[in-house]
Amino acid sequence: MGVSITICSGKGGTGKTTISANLGVALAQLGKEVLILDADIEMANLELILGLEDVKTTLHHVLAGEADISEAIYEGPAGVKVVPAGISLETLKKADPDRLDSVLEALRQVEILLIDAPAGLGRSVLTALSTTQEALLVVNPEISSMSDALKTKIVAKKLGTHVLGAVLNRTTFDSSDLTVKEVEMILETRILAVVPEDPEVRRSAAFGQPFVIRAPNSQAAQAIKKLAADLVGEEYIPPQPKESFMKRLIKGLFGR
Ligand SMILES: Nc1ncnc2c1ncn2[C@@H]1O[C@H](COP(=O)(O)OP(=O)(O)OP(=O)(O)O)[C@@H](O)[C@H]1O
Ligand SMILES: [Mg+2]
């Protein structure tokens, strides 16, 4: 049996799908077998930001009893496996959320299963939390994000899910931002990564590419790659800064 992690937040729009996609790809780049499942059955986004929007069979078909889960698994960037939820309203109509737990059960053998949960504490979030071993909160440095994350954390614990910690996403280092210490104190959980507000995140999403591939040296990508390495107990080696033109010239001229 592998490790399963629900990526959740309570509050909408904190960056769950963004973190799921990029963390999944970063873990796959480390050679792990990773499957990301979009459990946001109504408002699926994962396939859009991974450039998989044209796929035929989705989680909707599986939840409608029209396909087997194996038919809805696609290969994404760096070999990450992806189960898109489906963006069509037609297929959504037939999807039965009650089937989600048997789908998740069927994926227990995957080395690392990441579940991109929807906002709120609806049925699919509860199903995801109760079938996975771990929960990873994605929060923003603002008070509304804290109260929703706290509720999610309490529910996760009640369901017997271990809370790994939180990713503090979209930090601007503005004085109005809650600090890492404050967030850790409020949530009583560890911040495992701090991901800055980074224009590359939206840019990459618009191109249907994860930023860990499209902009590997961006601050956001480095934070996610470090998180991936930490999660699997590997050392993260940050990219070396490029030498300046003057340094290269001196090296070329004098060999030092
Ligand atoms: N670190 C970041 N820097 C800049 N933009 C970001 C960052 N993280 C997320 N975003 C942007 O914020 C928006 C919401 O992100 P995302 O869809 O990942 O959130 P979500 O929590 O999955 O939302 P939902 O609750 O609707 O599922 C997107 O437009 C995304 O590009
Ligand atoms: Mg989402």
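## Helix H6 and its surroundings

The buried residues of helix H6 pack against strand S1 (3–8), helix H5 (100–106), strand S5 (112–116), strand S6 (134–139) and H7. In this predicted model, H6 spans residues 123–131, and its buried positions are Ser 124, Val 125, Thr 127, Ala 128, Leu 129 and Thr 131.

One of the elements against which these residues pack is strand S1, and Ser 4 has its place in that strand. Ser 4 counts as buried because 22 other C-beta atoms lie within 10 Å, where 20 or more are needed. Leaving aside residues up to four places away in sequence, Ser 4 touches Leu 113, Thr 132, Gln 133 and Glu 134. Ser 4 and Leu 104 are 100 residues apart in sequence, and their C-alpha atoms are 9.4 Å apart in space.

## Overall form

The protein contains 12 helices and 8 strands. Its radius of gyration is 19 Å, close to the 18 Å that the globule rule gives for 256 residues, so the protein is as compact as a globular protein of that length. Taken along the principal axes, the C-alpha atoms fill a box of roughly 70 × 40 × 35 Å.

Of the 256 residues, 45% count as buried. Among the contacts with a separation of 6 or more, 75% are made by residues 24 or more positions apart.

## Two helix pairs

Two packed helices are described by the angle between their axes and the distance between the axes. For helix H1 (residues 16–29) and helix H11 (residues 219–231), the angle is about 55° and the axes are 9 Å apart. With that angle, H1 is oblique to H11, and the crossing of H1 with H11 is right-handed. On the H1 side the contact is formed by Asn 22, Leu 23, Ala 26 and Leu 27, which meet Ile 224, Lys 225, Leu 227 and Ala 228 in H11. By residue class, this contact consists of 6 nonpolar, 1 polar and 1 charged.

Helix H7 (residues 143–158) packs with helix H8 (residues 180–187) at an angle of about 40°, and their axes are 10 Å apart. That angle makes H7 oblique to H8, and the crossing of H7 and H8 is right-handed. Here Met 146, Ala 149, Leu 150 and Lys 153 in H7 meet Val 183, Ile 186 and Leu 187 in H8. The residues of the contact between H7 and H8 comprise 6 nonpolar, no polar and 1 charged. H7 is also among the elements that pack against the buried residues of H6.

## Positive phi angles

Most residues other than glycine have a negative phi. Arg 170, although not a glycine, has a positive phi of about 70°. Arg 170 lies in strand S7 (residues 162–171) and counts as buried, because 22 C-beta neighbours fall inside 10 Å.

Glu 188 is not a glycine either, and has a positive phi of about 50°. The place of Glu 188 is in the loop between H8 and strand S8 (191–196). Glu 188 is exposed, because 9 other C-beta atoms lie within 10 Å, and a residue with 12 or fewer counts as exposed.

## Helix H12

Helix H12 is hardly covered, since the count of buried residues among its 10 residues is 0. One of the residues of H12, which runs over residues 245–254, is Lys 251. Lys 251 is exposed, with 11 other C-beta atoms within 10 Å. The C-alpha atoms of Lys 251 and Lys 32 are separated by 39 Å, the two residues being 219 residues apart along the chain.

After H12 comes Gly 255, whose phi is positive, near 70°.

Definitions and conventions:
Residues are numbered from 1 along each chain as its sequence is written. Chains are lettered from A and ligands numbered from 1 in the order in which they are written. This is a predicted model: local features need pLDDT of at least 70, side-chain atom pairs count only at pLDDT 80 or more; totals for chains, interfaces and linings use all residues. Axes are lines fitted to C-alpha atoms, for helices over the stretch in contact, and angles run from 0 to 180 degrees between N-to-C directions. Helices (H or I, at least four residues) and strands (E, at least two) are DSSP runs, numbered from the N terminus. Angles under 35 degrees count as roughly parallel, over 145 as roughly antiparallel, 65 to 115 as roughly perpendicular and the rest as oblique. A crossing is left-handed if the near helix is turned anticlockwise from the far one by less than a right angle, and right-handed if clockwise. Two residues are in contact if their C-beta atoms, placed from the backbone, lie within 7 Å. Ala, Val, Leu, Ile, Met, Phe, Trp, Tyr, Cys and Pro count as nonpolar, Asp, Glu, Lys and Arg as charged, and the others, Gly among them, as polar. The radius of gyration is taken over C-alpha atoms; the globule rule is 2.2 Å times the number of residues to the power 0.38.
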